[in-house]
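Student: Hi, I have a structure open and would like to talk it through. Can you help me find my way around?
Tutor: Happy to, let's bring it up.

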Amino acid sequence: MPVLIITFGSFIRKYGTQCSGCSKGIIPLETVRRVRNLVFHLHCFTCFLCNRELATGDHFFLMEDEKLICHTDYYSAATTAIVDNGKFL
Ligand SMILES: [Zn+2]
Ligand SMILES: [Zn+2]
């Protein structure tokens, strides 16, 4: 009888949820942050501009390419090309 040996890492890659921040697998019991249909590790749930971790209750914006930006940077970037490109949701 064949025995299927599968490592934990490849199990997660195959069946687990993938983090939208680092593209690595998320262990089912790990604490995560969810935005819409996206799931992030806690340490990957950061503003892509200032790298600040976004905590519960923080205001942030999710961009089309699944990048997160904090409230402060969103408004300070409001006059830059980022917004002019229409990337913000
Ligand atoms: Zn991650
Ligand atoms: Zn920021």
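**Finding our way around**

Tutor: Among contacts in the protein chain between residues at least 6 apart in sequence, 17% join residues at least 24 apart; two residues are in contact if their C-beta atoms, placed from the backbone, lie within 7 Å. This is a predicted model, where local features need pLDDT of at least 70 and side-chain atom pairs count only at pLDDT 80 or more, while totals for chains, interfaces and linings use all residues. Residues are numbered from 1 along each chain as its sequence is written, and chains are lettered from A and ligands numbered from 1 in the order in which they are written.

Student: How many helices and strands does the protein chain have?
Tutor: There are 3 helices and 6 strands. Those are DSSP runs numbered from the N terminus, with helices being H or I of at least four residues and strands being E of at least two. The order from the N terminus is α-β-β-β-β-β-β-α-α.

Student: And what share of the 89 residues is buried?
Tutor: Buried residues come to 13% of the 89. A residue is buried if 20 or more other C-beta atoms lie within 10 Å of its own, exposed if 12 or fewer, and partly exposed in between, with C-beta atoms placed from the backbone.

Student: Which residues make up the largest nonpolar core?
Tutor: That core has 7 residues: Cys-19, Phe-40, Phe-45, Cys-47, Leu-68, Ile-69 and Cys-70. A nonpolar core here is a set of buried Ala, Val, Leu, Ile, Met, Phe, Trp, Tyr and Cys residues joined through C-beta atoms within 7 Å. Strand S6 (residues 68–70) gives the most to this core, with 3 residues. The core also draws at least three residues from each of domain 1 (11–45) and domain 2 (46–83), with bounds that come from an automatic or database domain assignment.

Student: What does Ile-69 touch?
Tutor: Not counting residues up to four places away in sequence, Ile-69 touches Cys-47, Phe-48, Leu-49, Phe-60, Phe-61, Met-63 and Tyr-74.

Student: Switching topic: how do S3 and S4 pair?
Tutor: Strand S3 (residues 32–35) pairs with S4 in the antiparallel sense over 4 bridges; pairing requires that DSSP finds at least two bridges between the strands. Val-35 stands opposite Leu-38 in S4. The two strands form a hairpin with 2 residues between them, and Arg-36 in the turn has a positive phi of about 50°.

Student: Where else is there a positive phi in a residue other than glycine?
Tutor: Ser-23 has a phi near 65°, and so does Asn-51. Most residues other than glycine have a negative phi. Ser-23 lies in the loop between strand S1 (17–18) and strand S2 (25–26), while Asn-51 is in the loop between S4 and S5.

Student: Where does His-43 lie?
Tutor: His-43 is in the loop between strand S4 (38–41) and strand S5 (60–62). His-43 counts as exposed because it has 11 C-beta neighbours inside 10 Å. Its C-alpha atom is separated by 8.9 Å from that of Leu-54, 11 residues apart along the chain.

Student: Last one, what is Ile-26 in contact with?
Tutor: Leaving aside neighbours within four places in sequence, the contacts of Ile-26 are Gly-16, Thr-17, Gln-18, Cys-19, Val-32, Val-39 and His-41. Ile-26 is in strand S2 and counts as partly exposed, with 19 C-beta neighbours inside 10 Å.
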